[in-house]
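Work through the exercises below with the sequence and the coordinates at hand. Each task is followed by a solution in steps.

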Amino acid sequence: MSDIHGVTSAPLPAQYFSHAGMEHMKKYGTRLEHFAKIAYKNHNHSVNNPYAQFRDRYSLDEILKSPKIFGLLTKLQCCPTSDGAAAAVLASEHFVRSHGLESRAVEILGMEMCTDLPSSFDKTFINLVGFDMTRTAAQRTFRKANRKPSDVQVVELHDCFSVNELLTYEALGLCELGKAGEMIDRGDNTYGGKYVVNPSGGLISKGHPL
């Protein structure tokens, strides 16, 4: 990164994702308001989650005018750090059926894990922060599950910064490449739209356990 934009004293992840967002703006015409609208949505969603670390609503103007962390990212577009714990019980289909748990079980149709690709180091920040990895894992998972993005209704994704949520819309195939801004403007990422993304409030509200 240092040989492209230099490095400041701001948190490095914020620098990476801000540069990725600015690349998207330059390439596709995305606006600052698109990133802020993601934070606006997630903060609104958090009000209904009693387990969220922060459950406050903010106006779009408050989000845009909150203290700047780096570049296009303001404080209310960045996840706070947090402590947390979670557990999931994995069981075979035989166990679920033999114990009459069908109504409480969530079936895993497919899962994938992907690490760095050669393109992750092609000197674009969009790929440096994981776009190609996410897209590759998503495509493999949809093939394995015999599903397509349009079959999805609810998405919980990694919104460490508002920029990453926007990039992930495109990486998951929820919209065409470069069309995330239009998806946001249509409201297709919240209740009443095509998908409900981060109904929990996302990491921006729940906090990011590190």
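Buried means under 20% relative accessible area, exposed over 50%, and partly exposed in between, with a 1.4 Å probe and protein chains only. Helices (H or I, at least four residues) and strands (E, at least two) are DSSP runs, numbered from the N terminus. The model is predicted: local features need pLDDT of at least 70, side-chain atom pairs count only at pLDDT 80 or more, and totals for chains, interfaces and linings use all residues. Residues are numbered from 1 along each chain as its sequence is written, and side-chain values use heavy atoms, with hydrogens and water left out.

**Exercise 1. Burial of α7**

Task: find how many residues of α7 are buried, and list them.

Solution.
Step 1. Ten of the ten residues of α7 are buried, and the helix is mostly covered.
Step 2. The buried residues of α7 are Ser162, Val163, Asn164, Glu165, Leu166, Leu167, Thr168, Tyr169, Glu170 and Ala171.
Step 3. Just after α7, Gly173 has a positive phi of about 85 degrees.

**Exercise 2. The largest nonpolar core**

Task: state which residues touch the most other members of the largest nonpolar core, and which elements give two or more residues to this core.

Solution.
Step 1. A nonpolar core is a set of buried Ala, Val, Leu, Ile, Met, Phe, Trp, Tyr and Cys residues joined through side-chain atoms within 4.5 Å.
Step 2. The largest such core has 32 residues, of which Leu73, Val163, Leu167 and Tyr169 touch the most other members.
Step 3. Two or more residues each come from α1 (12-28), α2 (32-46), α5 (125-128), α7 (162-171) and α8 (180-186).
Step 4. The largest share, five residues, is that of α7.
Step 5. Apart from this core lies another one of five residues, among them Ala36, Ala39, Leu76 and Ile204.
Step 6. Contact means heavy atoms within 4.5 Å. Not counting residues up to four places away in sequence, Leu167 touches Ala20, His24, Ile126, Val129 and Phe131.

**Exercise 3. Packing of α7 against α1 and α2**

Task: describe how α1 and α2 each pack with α7.

Solution.
Step 1. Two packed helices are described by the angle between their axes and the distance between the axes. Axes are lines fitted to C-alpha atoms, for helices over the stretch in contact, and angles run from 0 to 180 degrees between N-to-C directions.
Step 2. Angles under 35 degrees count as roughly parallel, over 145 as roughly antiparallel, 65 to 115 as roughly perpendicular and the rest as oblique.
Step 3. The axes of α1 and α7 are 9 Å apart, at an angle of about 50 degrees. The two helices, α1 and α7, are therefore oblique to each other.
Step 4. On the α1 side the contact is made by Phe17, Ala20, Gly21 and His24, and on the α7 side by Val163, Asn164, Leu166, Leu167 and Glu170.
Step 5. For classes, Ala, Val, Leu, Ile, Met, Phe, Trp, Tyr, Cys and Pro count as nonpolar, Asp, Glu, Lys and Arg as charged, and the others, Gly among them, as polar. The contact of α1 with α7 has five nonpolar, three polar and one charged residues.
Step 6. The axes of α2 and α7 come within 8 Å and cross at roughly 100 degrees. That makes α2 roughly perpendicular to α7.
Step 7. His34, Phe35, Ile38, Lys41 and Asn42 of α2 meet Ser162, Val163, Glu165, Leu166 and Tyr169 of α7. By class, the contact of α2 with α7 has five nonpolar, three polar and two charged residues.

**Exercise 4. Positive phi and burial**

Task: decide whether Lys123 is buried or exposed, and do likewise for Asn198.

Solution.
Step 1. Lys123 lies in the loop between α4 and α5, and has a positive phi of about 70 degrees although it is not a glycine.
Step 2. Its relative accessibility is 57%, so Lys123 counts as exposed.
Step 3. Asn198 is in the loop between β5 (196-197) and α9 (202-206), with a positive phi near 55 degrees.
Step 4. Asn198 counts as buried because its relative accessibility is 0%.

**Exercise 5. A buried loop residue**

Task: locate Gln77 and list what this residue touches.

Solution.
Step 1. Gln77 sits in the loop between β2 (73-74) and β3 (81-82).
Step 2. With 1% relative accessibility, Gln77 counts as buried.
Step 3. Leaving out residues up to four places away in sequence, Gln77 touches Phe35, Ala36, Ala39, Ile63, Leu72, Cys160, Phe161, Ser162 and Ile204.
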